[in-house]
Structures are given as C-alpha cells and as structure tokens.
There are 2 protein chains.
Amino acid sequence: MTVDATRFSINQMTVKQLALPELASACGELGITGVGLWREPVAEYGLEATAKLMRDSGLTVTTLCRGGFLTAIDPHARVRALDDNRRAVDEAAILGTDTLVLVSGGLPPGSRDLHGARERIAEALSELGPYARERGVRLAVEPLHPMFAADRCVVSTLTQALDLAERFPADEVGVCVDTYHLWWDDRAPAEVARAGVGGRLYAYQLADWTTPLPAGVLNGRGQLGDGAVDFGQWHECVTAAGYTGPVEVELFNEELWARGGREVLAETLRRFNSLA
Amino acid sequence: MTVDATRFSINQMTVKQLALPELASACGELGITGVGLWREPVAEYGLEATAKLMRDSGLTVTTLCRGGFLTAIDPHARVRALDDNRRAVDEAAILGTDTLVLVSGGLPPGSRDLHGARERIAEALSELGPYARERGVRLAVEPLHPMFAADRCVVSTLTQALDLAERFPADEVGVCVDTYHLWWDDRAPAEVARAGVGGRLYAYQLADWTTPLPAGVLNGRGQLGDGAVDFGQWHECVTAAGYTGPVEVELFNEELWARGGREVLAETLRRFNSLA
C-alpha cells in the first residue's frame, strides 16, 4: 500500500492505555500528525484542555467518536439522545475536527423492527444535520458489521449507510468506511465509489479481521496484516473514489491494550507503512 | 406464525445430546415427522442403520448437513473435498433426503481473495451438481452470517448464494435460507422472492439471534422467540415466495445442549407453534 505516511492517523482507542499527553508526545516522536479521539477520554482530560494539547502538539483531530444511538422509541430517550448528539457536535467543533462519527444504535429492547429503527435514525439526522453544519461539523454514519445489528448498529452495510446519508445534503451527512466492518461485502467497492461520487466519503478507518472472535465480539479487531482484509485492494478502491483524507487505524484489541502503548503505536505505524 | 405444525422439522444439532434412537422415539411422542441430520452422528450410528431407523420411525429426513468446504487452492485438498462431497451426496440419497446443505468454506490459510474463493466454489459445484442430480439430490448453498466469512463460509448473503446457484440448473443447485444468518439484511426479502421465482428455495431453517455472542461465535444461536428475529415477517416472506416445504429448527447452543434433550425438543416445538 503506497499511502503517504503523512495521512496516517491513530485512533485513540487503538492505544487507549496512553493518556492524552502521552499519546501526544508519542505521536510527536514518531512523526504522527493525526489522531482520532473519543468523547469519554476527552471529557476526562477536559475538552478545552484536550483542544489546547492537540494544538500545542501540532496534532490534527481527524474524527471524533462518537455520536449516534438514535434508535430509541421512548420520547424521553429520544430527546436525551438528540441532546447528547448536539453536545458531541459542539465537542467536535471545539476540538477542531469536521467529522463526527455516528454509531447508529441497535434495536430497542423488545423490538424486532429493523426498518423502523433505521427510519428513526433518519428522523434524528434531519434534526442533527443542520445543527452540525452550522458548526462546521459533518455527520459520518458508520455501518457496523452485521454481527452488531441487534445491539449496537442497525446500519450494517455501506449501501444502507448511503441510502440514509443521501436523504440529506452532501455537506451534512456522509459515511465512515471501516475495513473491519465491510471487508466481507462484495458490494462494498461499488458503494465506496458511490460514496466518492456523491461527496459522502467523510472518513476511512482500518482494522484487520482475525479469528476466532472473542466473547462479545467487540474487542477482537486485528492488527493490520494479521488477518483477512486485503488492504491493498481497499486502498485502490478508496483512492479510485477520490478519497485523499486521513487514514485512521482503529483497533479494539485486548491483547494490544495489555502491551505498552508506545510500542503498539510504533508497531501500528510500521504495519501501516509496510502493507503491500 | 401460522405454519402448519406438520411442517416442523428438528435439526439434529439442536438436540445433539440425544442419540438417534432417542431422537426418533422423542419425535414419535411429540408427533414430529421431520428431522434434519448431520453426517458425523449418522456415520457413528451407521448410515444404513440410520436410514432404517428413520423409515421404521416414520420420519422424513428433510436435509443432510453438510457438504461443502470447497475453497481450497491446493489440488490434492480439492480432490479430497470433491470426493468427500460425492460421499455426502451418496449418504443423502441413502437417507432418502433430496437436499444436501453446503457450507462453502472460508478463505484458505494465508489467502485474502474472497472472489477467488467464491469462484472455486462455482467450479466445484459444476462437478458436483450433475453427480448429485443423477442420485436425486439437490445442493443447497447456505449463506452464513458475514461473521463467518473468513473461516467458514465466503458466501455471506442470499444474493451471493443465488448468484452462485443461478449458474447451474434449477434442479441441481439452490439455496438454504436460515434466519440466523440473514435476519439483518434488508435485501433478504427480495432475494427470498428471487429464490422462490427461480425454484431455488430448497431449504428453510430457523434460529433466533441473541446477544452477547459467545467466544468463537459458533454456539450462540438463540431459542425461537428469545432474540431479534421477526419470525412472523420471515414466514410471510418465505410463504409469499411459494415455499411449502419443511421448516427446520437448527440451534447451536451450549445452554440448550446442557439440558435434557427431550425437554429441549418439546420446548422447541412449543416455541415454533407459538411464534406470533
């Protein structure tokens, strides 16, 4: 893979054992200029303090993860979810990133209505899109692997994510393409092209697919090169779609978290640079 | 769900704690007339002995699971796989079922070429289809959930399964539709209709989707009604596609296997009859 190394961005979750100042200094040592942040550790360190740390360290915040969870039926829960997503937009703006990643949410308890859940996401996006645009933030709907459809994200394919996004202006709602979630889908390449043509390809994330999956299937994302994902083909596909933005590596992996964060960060950058 | 209870079939794996004679007698007590069998326990009991037991018990063998694993690159491994699948066809014929379920196989070690693996399945089907037809057996390609794409089955959607099947005569290669694998896919209803129109809907299996998934994700299929699958909608969809065959319940579930098999069988039949 001949991705310019300056496009590399490390998603904070990959090395969550590093506190934000450690992450910033490790990035400085390795020449990494982009980071994807998560709301919880940012809140813990302080929003304004994080924004200042990023600026002072010369780091670009490539995405903020995450908003979403917009599938509730209960009206009070929906109000709370929208409020929380407006706060996430505000946080993204303060951190200086134009991209808020949304994980849409799973089926509400007791519901089996996937279609209804997807429609409620669209309703929420119609409220959140303009709010975000006014603040210079775009909403990146991330399709999650179908194994998360029940409990985390009813948007399972890039097709579904684009069907949702295309109901809204192209500068309000787009998609986040993550190889971990989409690698298996033979329709993904055509849908990446569709996202590119429509100006909806807001974010691109990498993780490898390794088996066996751990219990709960959340924290088994493989280090680049360890698994089934053909990153060379993905790079061609995303490049052909006109994407020139950051390439963020986001691994949820218990084994990586058990190791030293700086070592894992250096390894991740090496793997990124060596992908064929 | 208003499925005629006489269409109920119990897949042997659901109650694998029951030896074949126990399964046959339990089915007799509960008025169950259909069973789906697996090759390994059949071989253990004896192929001819199983066929006789089924006949003597008035049981119809609705499917034999399973052939497949046709993605190897190594020529010797391919020859062995084809030989094994011919034996599976022979066994199906002796057991008196017209449907052999195929789990296509995952990526060979070190390979990341999903397309190539799917093409090798097609090559194998071109050899196996005529062999099976001569013996009165049809090959039912079963798409497995995308979480199995790397290590078990590169055919992940009903679309892909039908794309494969439609390269061959409609009385040679079709599909097995299992709610566990397809429930999340909004394209599945249209593809079930496509399967019906084309005469490719060979088998229909039920399992529910429950979370959290266990490690390895193989043995967490939920008892009917415990999870996210809308069986009423699936029944409408499969019925609209013209399917009038057996409805087989196939659960891989450690908790169910730890209980008494007769109790689980009775519970499964009750659940089947009570699905709204």
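Visitor: What is the relative accessible area of Lys52(B)?
Guide: This is a predicted model, in which local features need pLDDT of at least 70 and side-chain atom pairs count only at pLDDT 80 or more, while totals for chains, interfaces and linings use all residues; side-chain values use heavy atoms, with hydrogens and water left out. Residues are numbered from 1 along each chain as its sequence is written, and chains are lettered from A and ligands numbered from 1 in the order in which they are written. Buried means under 20% relative accessible area, exposed over 50%, and partly exposed in between (1.4 Å probe, protein chains only). Lys52(B) counts as partly exposed, its relative accessible area being 46%.

Visitor: Which residue forms a salt bridge with Lys52(B)?
Guide: A salt bridge is a side-chain nitrogen of Lys or Arg within 4 Å of a carboxyl oxygen of Asp or Glu. The closest N and O atoms of this pair are 2.6 Å apart. The partner is exposed at 54%, and it is Asp56(B).

Visitor: How far apart are the closest N and O atoms of Arg86(B) and Asp83(B)?
Guide: Both residues lie in helix H4 (residues 75-95) of chain B, three residues apart, so they are separated by about one helical turn. Arg86(B) is partly exposed at 23%, and Asp83(B) is partly exposed at 33%. Their salt bridge has its closest N and O atoms at 2.9 Å.

Visitor: How many residues apart in sequence are the parts tied together by Arg133(B) and Glu172(B)?
Guide: These residues form a salt bridge with closest N and O atoms 3.0 Å apart. Arg133(B) is partly exposed at 40%, whereas Glu172(B) is buried at 4%. Arg133(B) is in helix H5 (residues 114-134) of chain B and Glu172(B) in the loop between helix H6 (158-165) and strand E6 (173-178) of chain B, so the parts they tie together are apart in sequence by 39 residues.

Visitor: In E10(B), which residue is the bridge partner of Gln205(B)?
Guide: Strands E7 (residues 201-206) and E10 (residues 247-249) of chain B pair in the parallel sense over two bridges; two strands pair if DSSP finds at least two bridges between them. Both belong to a closed barrel of eight strands, E1-E2-E3-E4-E5-E6-E7-E10 (chain B). The bridge partner of Gln205(B) is Glu248(B).

Notes. Helix = DSSP H or I, 4+ residues; strand = E, 2+ residues; numbered from the N terminus.
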